[in-house]
Amino acid sequence: VQLQASGGGLVQAGGSLRLSCRASENIFRINDMEWHRQAPGKQRELVATISRNGRRTTYEDSVKGRFTISRDNAKNTGYLQLNNLKPEDTAVYYCNARVVLSAGEYEYDYWGQGTLVTVSS
């Protein structure tokens, strides 16, 4: 199983992007999902989280009101909408998910390969 992240790119400050994270093959269920980012020369940081049913979300303070995390369980896909982007949002964005491969199994932790977001001033 792989998590395939996409949607990154180069955008001007104030612009928007929508990141996607899709499980590569049939799985039973995805539990909690997260988006992290790592800027050049910095440690990876948690940006947003979403519960399995989508009712609970959390955000890192600097992205509150600008980023929105969501998911489509029927498509085994998570999303991160990035609005009003700032140069300091430039980073590689990674999705992370707890995946249950088959009914009755434990969840396993998977990471996507990362997608680069570059915001120019």
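This is a predicted model: local features need pLDDT of at least 70, side-chain atom pairs count only at pLDDT 80 or more; totals for chains, interfaces and linings use all residues.
How many aromatic pairs does the structure hold? The count is zero.

The largest nonpolar core has 29 residues. Trp35, Phe67, Leu80, Leu82 and Tyr93 have the most contacts inside this core. Eight named strands each give two or more residues to the core: E1 (3-6), E3 (17-23), E4 (29-38), E5 (45-50), E7 (67-72), E8 (77-82), E9 (91-100) and E11 (115-120). The largest share, five residues, comes from E9.

Tyr93 illustrates the contacts made around this core. Residues up to four places away in sequence are left out of its contact list. Tyr93 then touches Leu19, Trp35, His36, Arg37, Phe67, Leu80, Leu82, Gly114, Thr115 and Val117. Among these partners, Trp35, Phe67, Leu80 and Leu82 are also named with Tyr93 for the most contacts inside the core.

Arg98 is placed in strand E9. Its relative accessibility is 15%. Arg98 therefore counts as buried, the cut-off being under 20%. The side chain of Arg98 is joined to that of Asp109 by a polar contact of 2.9 Å. With residues up to four places away in sequence not counted, Arg98 touches Arg29, Ile30, Asn31, Asp32, Glu34, Glu107, Tyr108 and Asp109.

Two other arginines are placed over aromatic rings. Arg18 lies over the face of Tyr79, at 3.9 Å from the ring centre. The charged end of Arg44 sits over the ring of Trp111, 4.9 Å from the centre of that ring.

Backbone geometry was examined next. Most residues other than glycine have a negative phi. Asn76 has a positive value, with phi near 50 degrees. Asn84 also has a positive phi, near 50 degrees. Asn76 is found in the loop between E7 and E8, and Asn84 lies in the loop between E8 and E9.

The accessibility of these two asparagines was then considered. Asn76 has a relative accessible area of 18%. This value is under 20%, so Asn76 is buried. Asn84 has a relative accessible area of 43%. This value falls between the cut-offs of 20% and 50%, so Asn84 is partly exposed.

Technical notes:
Residues are numbered from 1 along each chain as its sequence is written. Side-chain values use heavy atoms; hydrogens and water are left out. A nonpolar core is a set of buried Ala, Val, Leu, Ile, Met, Phe, Trp, Tyr and Cys residues joined through side-chain atoms within 4.5 Å. Buried means under 20% relative accessible area, exposed over 50%, partly exposed in between (1.4 Å probe, protein chains only). Helices (H or I, at least four residues) and strands (E, at least two) are DSSP runs, numbered from the N terminus. Contact means heavy atoms within 4.5 Å. A polar contact is a pair of N or O atoms within 3.5 Å; within protein, one must be able to donate a hydrogen and the other to accept it, and residues adjacent in sequence count only if both atoms are side-chain atoms. Rings of Phe, Tyr and Trp (its six-membered ring) pair if their centres lie within 6.5 Å; planes under 30 degrees apart count as stacked, over 60 as edge-to-face and the rest as tilted. A charge sits over a ring if NZ of Lys or CZ of Arg is within 6 Å of the ring centre and within 35 degrees of the ring normal.
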